[in-house]
Amino acid sequence: MADAASSSAGRDANDYGRFDFEDPEAVAAAWGASTGKPDDEQMKAMQAMSGCNHDKSSEIAIYELPIDEKVRRIRKYHERGNAYFDEGQYARAAAQYRSANVIYDYTFPEDEATWAVIDGLRKVCNLNAAACNTKIGSYDDALQNCYEVLRAEPTNVKALFRRARVHRHRDAFDEARRDLRAALKLLPHDYQLREEYAVLKAQVAAYTAKQKAMAARML
């Protein structure tokens with residue numbers, strides 16, 4: 001089970017040009033990382049997050065796009081996210097995956113084949129976003145990404161693994177242990193799962209020792 005976004009390793013920075021998108025600084029601005037102007041879909045996501053979106057024109061514009069165009073845009077944001085992930089620009093990557101999911105929410109294909117395609121892309125985007133949000137400390141967002149995957153696929157090992165890692169970072173050790181045990185039942189010999197379990201045990205031990213030392217000083 002690879003703990004990396006589904007992307008090409010070692011992508012050259014010049015590969016950005018083949019995606020035909022706006023200045024990366026403008027993309028980053030949508031999420032407070034720089035200055036510039038986000039595109040319509042990212043602006044829509046920002047407004048939805050802030051709870052103050054009174055102008056529904058962006059949502060309507062997305063909804064009225066042809067299905068093929070929506071799928072193309074979902075793929076575009078997925079590829080952008082992968083490119084940023086490969087460069088270690090995790091906040092920007094997470095923004096791209098989020099934009100892909102915004103379009104998904106307004107996409108209602110009539111055939112099962114298209115549903116399968118966009119459902120697969122949504123799952124990958126959420127898993128990749130979970131990895132990105134964990135790396136930048138956006139743990140609530142990472143948990144939500146994992147939840148979206150596990151709601152549709154409760155036995156997704158990668159989502160269980162990534163949620164366990166978020167729980168560990170938040171010192172929610174019981175929850176982390178529960179997710180790792182569930183994942184290990186499905187893949188008992190997976191190296192990353194076993195390594196994460198060892199890290200969790202070490203962190204629990206260190207936390208317990210610290211608590212005992214603090215209690216001793218107080219007495």
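Visitor: Which helix holds Glu148 and Arg151, and how many residues apart are they?

Guide: Both lie in helix α7, 3 residues apart, or about one turn of the helix. Helices here are DSSP runs of H or I with at least four residues, strands are runs of E with at least two, and both are numbered from the N terminus. Note that this is a predicted model: local features need pLDDT of at least 70, side-chain atom pairs count only at pLDDT 80 or more, and totals for chains, interfaces and linings use all residues. Residues are numbered from 1 along each chain as its sequence is written, and side-chain values use heavy atoms, with hydrogens and water left out.

Visitor: What do the side chains of Glu148 and Arg151 form?

Guide: They meet in a salt bridge, 2.6 Å from N to O. A salt bridge is a side-chain nitrogen of Lys or Arg within 4 Å of a carboxyl oxygen of Asp or Glu.

Visitor: How many salt bridges are there in the structure?

Guide: The structure holds 11. Another one joins Glu148 to Arg122, with the closest N and O atoms 2.9 Å apart. That pair links distant parts of the chain, since Glu148 is in helix α7 (residues 139-152) and Arg122 is in helix α6, 26 residues apart.

Visitor: Are Glu148 and Arg122 buried or exposed?

Guide: Both are buried. Buried means under 20% relative accessible area, exposed means over 50%, and partly exposed is in between (1.4 Å probe, protein chains only). For Glu148 the relative accessible area is 14%.

Visitor: What does Glu153 pair with?

Guide: Its side chain meets that of Lys123 in a salt bridge, 3.2 Å from N to O. Glu153 lies in the loop between α7 and α8 (157-169) and Lys123 in helix α6, so the pair ties together parts that are 30 residues apart in sequence. Glu153 is partly exposed at 28%, and Lys123 is partly exposed at 31%.

Visitor: New topic. Which residues have the most contacts inside the largest nonpolar core?

Guide: They are Ile74, Phe85, Ala93, Tyr97 and Cys132, in a core of 20 residues. Helices α4, α5 (90-105) and α6 (112-135) each supply at least two residues of this core. The largest share, 7 residues, comes from α5. A nonpolar core is a set of buried Ala, Val, Leu, Ile, Met, Phe, Trp, Tyr and Cys residues joined through side-chain atoms within 4.5 Å.

Visitor: What is Cys132 in contact with?

Guide: Leaving aside neighbours within four places in sequence, Cys132 is in contact (heavy atoms within 4.5 Å) with Phe85, Tyr90, Ala93, Ala94 and Tyr97. Cys132 is buried, at 0% relative accessible area.

Visitor: How many disulfides does a search of the whole structure find?

Guide: It finds 0. A disulfide would be a pair of cysteine sulfur atoms within 2.5 Å.

Visitor: How far apart are the end C-alpha atoms of α4?

Guide: They are 29 Å apart, which agrees with the 28 Å that its 20 residues (67-86) should span at 1.5 Å a residue. The expected span is 1.5 Å times one less than the number of residues. Just after α4, Gly88 takes a positive phi of about 80 degrees.

Visitor: Which residue has a positive phi although it is not a glycine?

Guide: Asp171 does, at about 60 degrees. Most residues other than glycine have a negative phi. Asp171 is in the loop between α8 and α9 (173-186), and it is partly exposed at 38% relative accessibility.
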